[in-house]
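Subject: Structure handover

Hello,

Here is the structure for you to look through. Please open it alongside this email.

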Amino acid sequence: MKLKILVGNGRKIGALVLPFLVVGVALNILFPAVFAVGGPPLWLTVASIVLLIPGVVFWFWSVYLILTKIPKKELITTGPYALMKHPLYTGVALLVLPWAGFLLNTWLGLLIGIVIYIGSRLFSPEEEQLLAKIFGEKWTEYSEKVLLPWL
């Protein structure tokens, strides 16, 4: 199995995110007070834990499905993929990074999560065209059934 196929558009999203990540981490180290979320306060800690736990489970589940189904050349339509077309990108962007960042007293995770989400939206059509070419009618049926096709 070629790593390029396994990674999908992750390399393009990573290339988009990398400058934001490097500059963000550097600025966060140099000016931590600018990035601080205030401790975080109890309500944000609770919200972060409540959203981070399912986010991490969702992300690991997506990774597991990719590692087990892609080498077999199977279209993934179960688990998180029954909810949305790109749960790996969406999960890490909206459920893992922002909330982990808040627990670490920084809103940098939110910024990086937004950039990842934008990158996934920019590069998803290309990936979906490839999947449609490879899986044909199976992809079309899946696309029509997925609960949240826009995520």
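Below is what turned up, taken topic by topic. Please keep in mind that this is a predicted model.

**Helix α4**

Helix α4 covers residues 42-69 and has 28 residues. From its first C-alpha to its last it reaches 40 Å. That is close to the 40 Å expected at 1.5 Å a residue. Its buried residues include Leu44, Ser48, Leu52 and Gly55. Phe58, Ser62, Leu65 and Ile66 in α4 are buried too.

**Helix α6**

α6 has 17 residues, and twelve of them are buried. The helix is therefore largely enclosed by the rest of the structure. Among the buried residues are Pro87, Leu88, Tyr89, Thr90, Gly91, Val92 and Ala93. Val96, Pro98, Trp99, Gly101 and Phe102 are also on that list.

Does the length of α6 agree or disagree with its residue count? At 1.5 Å a residue, α6 should span 24 Å. Its end C-alpha atoms are 22 Å apart, which agrees. Ala93 is one of the buried residues of the helix. After α6 comes Asn105, with a positive phi near 65 degrees.

**Aromatic pairs**

The count of aromatic pairs comes to four. Two of them are described here.

Take Phe35 and Trp107. Their ring centres are 4.9 Å apart and their planes are at 25 degrees, so the pair is stacked. The cut-off for stacking is under 30 degrees. Where do the two residues sit? Phe35 lies in helix α3 (residues 32-35). Trp107 is in the loop between α6 (87-103) and α7 (108-135). The two are 72 residues apart in sequence, so the pair ties together separate parts of the chain. Phe35 is buried, at 7% relative accessible area. Trp107 is partly exposed, at 31%.

Trp59 and Phe60 make another aromatic pair, and this one is edge-to-face. The distance is 5.1 Å centre to centre, with 75 degrees between the planes. Trp59 is partly exposed, with a relative accessible area of 28%. Phe60 is exposed, at 52%.

**Salt bridges**

How many salt bridges does a search of the whole structure find? It finds three.

One joins Glu126 and Lys12. Their closest N and O atoms are 2.6 Å apart. Glu126 lies in helix α7 and Lys12 in helix α2 (residues 10-30). They are 114 residues apart in sequence, so this pair also ties together separate parts. Glu126 is partly exposed, with a relative accessible area of 40%. Lys12 counts as partly exposed as well, at 24%.

Another joins the side chains of Lys69 and Glu74, at 3.3 Å from N to O. Lys69 counts as partly exposed at 26% relative accessibility. Glu74 counts as partly exposed at 30%.

Then there is Lys85 with Glu128, at 3.7 Å from N to O. This pair links distant parts of the chain, 43 residues apart. Lys85 is in the loop between α5 (80-83) and α6, while Glu128 is in helix α7. Are these two buried or exposed? Lys85 counts as buried, at 13% relative accessibility. Glu128 is buried too, with a relative accessible area of 18%. The cut-off behind both calls is under 20%.

**Nonpolar surface patch**

There is a nonpolar surface patch of about 920 Å². Its residues include Val23, Leu27, Leu30, Phe31 and Val34. Trp107, Leu110, Ile114, Ile118 and Leu122 belong to the patch too. Trp107 is also the stacking partner of Phe35.

Which elements give two or more residues to the patch? They are α2 and α7. The largest share, four residues, comes from α7. Ile114 lies in helix α7. Ile114 is partly exposed, with a relative accessible area of 42%.

**Where to look**

Then go to the stacked pair of Phe35 and Trp107. Finish on the salt bridge between Lys85 and Glu128.

Best wishes

Definitions and conventions
Residues are numbered from 1 along each chain as its sequence is written. This is a predicted model: local features need pLDDT of at least 70, side-chain atom pairs count only at pLDDT 80 or more; totals for chains, interfaces and linings use all residues. Side-chain values use heavy atoms; hydrogens and water are left out. Rings of Phe, Tyr and Trp (its six-membered ring) pair if their centres lie within 6.5 Å; planes under 30 degrees apart count as stacked, over 60 as edge-to-face and the rest as tilted. Buried means under 20% relative accessible area, exposed over 50%, partly exposed in between (1.4 Å probe, protein chains only). The expected span of a helix is 1.5 Å times one less than its number of residues. A salt bridge is a side-chain nitrogen of Lys or Arg within 4 Å of a carboxyl oxygen of Asp or Glu. Patches are made of residues with over 30% relative accessible area and no salt bridge: like charges are joined within 9 Å, nonpolar side chains (Val, Leu, Ile, Met, Phe, Trp, Tyr) within 5 Å. Accessible areas come from the Shrake-Rupley method with a 1.4 Å probe; for residues, only the protein chains shown count as cover.
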